[in-house]
Amino acid sequence: MNATRRTFLISSVGMASALAVSRTAFADAPKVSETDPTASALGYKADGTTVDKAKFPRYAAGEACGNCSLFQGKPTDAFGGCLMFSGKQVSSKGWCNAYNKKA
Ligand code: SF4
């Protein structure tokens, strides 16, 4: 094995390990509380179907964190990160007023 190939393999293993550790650490991140001041201001609900539609008329049936462009998890994940809530997880079935449909 030449040095370039060995360096590439070592880098790849290192990157995969870092991603695995990052994903594991993130899985332990706290979940956003609906009473969190930012969550409250954005009308976040862990179950998007319970959004106060009079207060947040932007909500439309079918919109959920799992299909929002700001959701950092996979659509099949129950919880994932959100760019609006750094270091915390939101429910993939949740919704908030910053919702932006994933392209
Ligand atoms: Fe969910 Fe998107 Fe609001 Fe984040 S920005 S809480 S992913 S709807």
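Biologist: What share of the 103 residues in the protein chain is buried?
Modeller: Buried residues make up 31% of them. Buried means under 20% relative accessible area, exposed over 50%, and partly exposed in between, using a 1.4 Å probe on protein chains only.

Biologist: What kind of model is this, and how are the residues numbered?
Modeller: It's a predicted model, where local features need pLDDT of at least 70 and side-chain atom pairs count only at pLDDT 80 or more, while totals for chains, interfaces and linings use all residues. Numbering starts from 1 along each chain as its sequence is written, and side-chain values use heavy atoms, with hydrogens and water left out.

Biologist: How many helices and strands does the protein chain have, and in what order do the elements run?
Modeller: There are two helices and two strands, running α-α-β-β from the N terminus. Helices (H or I, at least four residues) and strands (E, at least two) are DSSP runs, numbered from the N terminus.

Biologist: OK, on to the ligand. Where does the ligand sit?
Modeller: In the largest cavity. A cavity here is a set of points, on a 1 Å grid over the protein atoms alone, where a 1.4 Å probe fits but cannot get out. To sit in one, a molecule needs more than half of its atoms within 2 Å of the grid points.

Biologist: Which residues come nearest to the ligand?
Modeller: Cys 65, Cys 68, Leu 70, Cys 82 and Cys 96, out of 13 residues around the ligand. A residue gets into that group if one of its heavy atoms lies within 4 Å.

Biologist: And by class, what is that shell made of?
Modeller: The shell has 13 nonpolar residues, with no polar and no charged ones. Cys counts as nonpolar in this scheme, along with Ala, Val, Leu, Ile, Met, Phe, Trp, Tyr and Pro.

Biologist: Switching to the core. How many residues are in the largest nonpolar core, and which have the most contacts inside it?
Modeller: It has 17 residues, and Val 32, Tyr 44, Phe 85, Val 90 and Trp 95 have the most contacts inside it. Helix 2 (37-42) and strand 2 (85-91) each supply at least two residues of this core. A nonpolar core means buried Ala, Val, Leu, Ile, Met, Phe, Trp, Tyr and Cys residues joined through side-chain atoms within 4.5 Å.

Biologist: What does Phe 85 touch?
Modeller: Val 32, Asp 36, Thr 38, Ala 39, Leu 42, Tyr 44 and Val 90, leaving out residues up to four places away in sequence. Contact means heavy atoms within 4.5 Å.

Biologist: Now the serines. Is Ser 91 buried or exposed?
Modeller: Ser 91 counts as buried because its relative accessibility is 8%. It is found in strand 2. Beyond its neighbours within four places, Ser 91 is in contact with Tyr 44, Ala 46, Cys 65, Ala 78 and Phe 79.

Biologist: And where is Ser 92?
Modeller: In the segment after strand 2. Ser 92 is buried too, at 12% relative accessible area. The C-alpha atoms of Ser 92 and Cys 65 are separated by 4.7 Å, though the two are 27 residues apart along the chain.

Biologist: One more: where does Lys 31 lie, and is it buried or partly exposed?
Modeller: Lys 31 is in the loop between helix 1 (3-27) and helix 2, and counts as partly exposed because its relative accessibility is 46%. Leaving aside neighbours within four places in sequence, it is in contact with Phe 79 and Gln 89.

Definitions and conventions: On a 1 Å grid over the protein atoms alone, a cavity is a set of points where a 1.4 Å probe fits but cannot get out, and a pocket is an open set with protein on both sides within 12 Å along at least five of seven lines; lining residues have an atom within 4 Å of a point.
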